[in-house]
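Colleague: Before we discuss anything in detail, could you show me the model and then take me through how its features are read?

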Amino acid sequence: MNESSQAPPRLRIAAGLTGALLLVASCASTPPAPIATLQAAEQAILNAERGDAGRYAAAELAAARTKLASANDAVQEEEMIIAKRLGEQSRADAELASARSEAAKAATVNEEMKRGNDALFEETQRNSGASR
Amino acid sequence: MNTTSYFTRYRAKTLIAAAVSLVLAACAAAPLKSTGAADARAKLTVLQSDANLANRAPLAMQEAEAAVVTAEASNTDEEQAVHLAYLADRKVDTARARAETGFAEDQLAKLGEQRESIRLDARTREADIAQSQVATARAEAQVARTDADAARTLAAQQAEELQRQIDELQARPTDRGLVLTLGDVLFRSGMSDLNAGATNSLEKLASFLNHYPDRSAIIEGHTDNVGSDDYNQGLSQRRADSVKSYLMGHGIGSPRLAATGMGESQPLAGNDSATGRQQNRRVEVIIDNPPPAL
């Protein structure tokens, strides 16, 4: 919101560039919002929600949502670098939420299968034991 | 993480203000190792050396590797470095989760195979049991058949033996049982003592009764009509008793033997001829049939 928080990156970029006037000019004006990054984060969150992350990876999904909201706030404040970082982190969180949901679901399926096998094994042992 | 990066920034500012040269020296020597890139690298190394997981999610693993390399290379901007380390950390975790999913899927396939093998084992075992039951039943039937055969053979042998014994006795089967007629040659005229020649027939009778201990015998004495009724009654009784005594002397218990004098009341033939009278002078032994049939 205020200008002081934006000053250091701009100063740093300006100092880092020796003679590129165009770049200096673009840095002097407000940088564009990281729209693609934010869209990718949003998509990753939707994917995670579809993958039942609310149930299997609630913490990661919550982090992704919080960071996406913060990123949007940063865009409003024209803190584009922070917005981009938050967007990237949000996407990484959401992708982790998806991956952990898949892993948890697979583990649950296996656990059920294993229990089923154990029960079946015991049953067959008991049956053959009884008829012997 | 975000708050941490801000904190780091403020701390850096303080350091710059305090001792610029020191900060510069520190940045040059060990650039931003504390940002977490090293931690991400360590986690990735653990994942890569896990035999069950290392090769399961190649794409996610490559992305994680690339993110860690990027984080490690970043040494200009601490905030950016912290950010890249965070991304690397998340990508390593994501790669681990993807690899675990792949591993779980392989495990699921194995569990499926295991289930099939349990089912197959159970079916095999059931078939084995059924087969062994059939075999047992067959063996039992064979034993039963053999037993029945043996019983039949034994019964046939016993029947044969009985017939042989009956033939030996020269007894004739009647409704009352086996009737054995001992002629008067066993006794001297008017006497009740047994002749020496009588023992052959009586030995066979004793042997028969010893062989079939469930049979008992009625011994009946008969005479012709020569002499008084009383005399003949007494004589027939004495002769019957004499036979009974003989049998008792050869091991037959007295409860199995009944001796009765019938006198001249039941002639077999006419008393008007010598031949008829001889037929009438006799002792009959009736051996009763045992209650259960063979």
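**Reading strands, helices and backbone angles**

Modeller: Strand β3 (residues 217–222) of chain B is mostly covered, with 5 of its 6 residues buried; a residue is buried if 20 or more other C-beta atoms lie within 10 Å of its own, exposed if 12 or fewer, and partly exposed in between, with C-beta atoms placed from the backbone. Helices (H or I, at least four residues) and strands (E, at least two) are DSSP runs, numbered from the N terminus. This is a predicted model, in which local features need pLDDT of at least 70 and side-chain atom pairs count only at pLDDT 80 or more, while totals for chains, interfaces and linings use all residues. Residues are numbered from 1 along each chain as its sequence is written, and chains are lettered from A and ligands numbered from 1 in the order in which they are written.

Colleague: Which strand is joined to β3(B), and how many bridges join them?

Modeller: Two strands pair if DSSP finds at least two bridges between them. Here 5 bridges join β3(B) to strand β4 (residues 257–261) of chain B, and the two run parallel; B:Ile218 stands opposite B:Ala258 in β4(B).

Colleague: How should I read a pair of packed helices?

Modeller: Two packed helices are described by the angle between their axes and the distance between the axes. Axes are lines fitted to C-alpha atoms, for helices over the stretch in contact, and angles run from 0 to 180 degrees between N-to-C directions. In chain B, the axes of helix α4 (residues 58–73) and helix α5 (residues 78–169) come within 8 Å and cross at roughly 160 degrees. That makes α4(B) roughly antiparallel to α5(B), the term for angles over 145 degrees.

Colleague: What kinds of residue make up the contact of α4(B) with α5(B)?

Modeller: Residues are in contact if their C-beta atoms, placed from the backbone, lie within 7 Å. Among those making this contact are B:Ala64 and B:Val68 of α4(B) and B:Leu84 and B:Ala88 of α5(B). The residues of the contact divide into 13 nonpolar, 2 polar and 3 charged, where Ala, Val, Leu, Ile, Met, Phe, Trp, Tyr, Cys and Pro count as nonpolar, Asp, Glu, Lys and Arg as charged, and the others, Gly among them, as polar.

Colleague: And what about backbone angles?

Modeller: Most residues other than glycine have a negative phi. A:Asp52, in the loop between α3 (35–50) and α4 (53–56) of chain A, has a positive phi near 65 degrees, and A:Asp52 is partly exposed, with 16 other C-beta atoms within 10 Å.

Notes:
Angles under 35 degrees count as roughly parallel, over 145 as roughly antiparallel, 65 to 115 as roughly perpendicular and the rest as oblique. Two residues are in contact if their C-beta atoms, placed from the backbone, lie within 7 Å.
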